[in-house]
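Biologist: I am new to this structure. Please take one part of it and walk me through that part closely.

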Amino acid sequence: MIHASMSQIKLLSPYLTEGYTWLKGNLHTHTTFSDGTHTAEEVIANYEQCGYDFLGISDHDVFTAPHDYQHMTQMVLIPVVEVTSLGPHIQQIGVHQRVEPDTDRQAVVDRINSDGGFAVMNHPNWEWHFNHFPQEMMSDLQGAIGLEVYNGVIERLDGSALASDRWDRLLSVGRQLWGFANDDAHYPTDVGVAWNVVQSPARSADDIMSALRQGQFYASTGVMVKSVEIDGLCIRIETENAQRIRFLTRFGTIRSSTDGASAEWELPDNLTQLKNWRYVRIECYGEGGRMAWLQPIRIDVH
Ligand SMILES: [Zn+2]
Ligand SMILES: [Zn+2]
């Protein structure tokens, strides 16, 4: 067995250990400007009542500009469009100019990036065939920063709200992608199902978007995380309300499972194994099916 000296192995965690506050928000919501049943004003009031810190209104191929609504809310409004027509849906986050739909989804992602924003691949397992976003297309698309690991509205539609299967397949072939959780709310009853909690130094759209780009957040349907820390080959997580915590590696293999609100796992001191595993991902399970998905911690071997 080849031992892993610490100079050869580094665990690259996106998480901060100081200088931040956790901010909660949803980046995927519709209004009457597309197929939502409620106006932007009503949608904003609903999220504000639920205690959210930020919100992205993301109508289908329509830009609902934060500038027009920011005065009526304490939440930070994030500029978002859901690029919808002509292919699988892609979230354009950090919109300056709305990107036109194009059958060439690579061109859509490229334009989102050159506009200064970032792209997230939406609800991969939506529809009766569980294949709204074909795996091959997700794998070929370059420059998207993440995918929706959970999309709330799919709970009441065909397919699966959960897409951690897609995520593990992409991470396992070396793609660096962050997992987002969003409501995709169309009705008021869709509000508050799934959200993101960001480590942000300040309550501003730029700070929140920069933290999202760097993976300083987790996706949640109700489990709340306090901290994630790395010490050598040991990963520690503390939550408020998890009942079981799992550590997974390449292709979703569960390596460790602990009952309780906090857990730690020390990776084995075995270079061959660690090279093969590529990443560690943490999933937290709570009461009533609530969950949290932490971002992948990359196993860097050199
Ligand atoms: Zn969609
Ligand atoms: Zn949507």
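Modeller: Start with the zinc ion (ligand 2). Four residues coordinate this ion: His28 (NE2), His30 (NE2), Glu82 (OE) and Asp184 (OD), at 2.1 to 2.2 Å. Donors here are N, O and S atoms within 2.8 Å of the metal (3.2 Å for Na, K and Ca); water is not among the atoms, so sites may look incomplete. This is a predicted model: local features need pLDDT of at least 70, side-chain atom pairs count only at pLDDT 80 or more, and totals for chains, interfaces and linings use all residues, while side-chain values use heavy atoms, with hydrogens and water left out. Residues are numbered from 1 along each chain as its sequence is written, and chains are lettered from A and ligands numbered from 1 in the order in which they are written.

Next, the geometry. The four donor atoms of the zinc ion (ligand 2) make angles of 79 to 167 degrees, and the site is irregular. That word has cut-offs: four donors count as tetrahedral if all angles lie between 85 and 135 degrees; four count as square planar and six as octahedral if opposite donors are over 155 degrees apart and all others between 65 and 115; anything else is irregular.

Now follow the chain. The donors of the zinc ion (ligand 2) are spaced H-x1-H-x51-E-x101-D. His28 sits in the loop between strand 2 (21-26) and helix 1 (40-49), and Asp184 in the loop between strand 8 (178-182) and strand 9 (195-200), so this pair ties together parts 156 residues apart in sequence. Helices (H or I, at least four residues) and strands (E, at least two) are DSSP runs, numbered from the N terminus. His28 counts as buried, at 0% relative accessibility. Asp184 counts as buried too, at 3%. Buried means under 20% relative accessible area, exposed over 50%, partly exposed in between (1.4 Å probe, protein chains only).

The zinc ion (ligand 1) is coordinated by Glu82 (OE), His89 (ND1) and His123 (NE2), at 2.0 to 2.2 Å. Its donors follow the spacing E-x6-H-x33-H along the chain. Glu82 lies in strand 4 (residues 76-83) and His123 in the loop between strand 6 (118-121) and helix 3 (135-140), so the pair ties together parts that are 41 residues apart in sequence. Glu82 is buried at 0% relative accessibility. His123 is buried at 2%.
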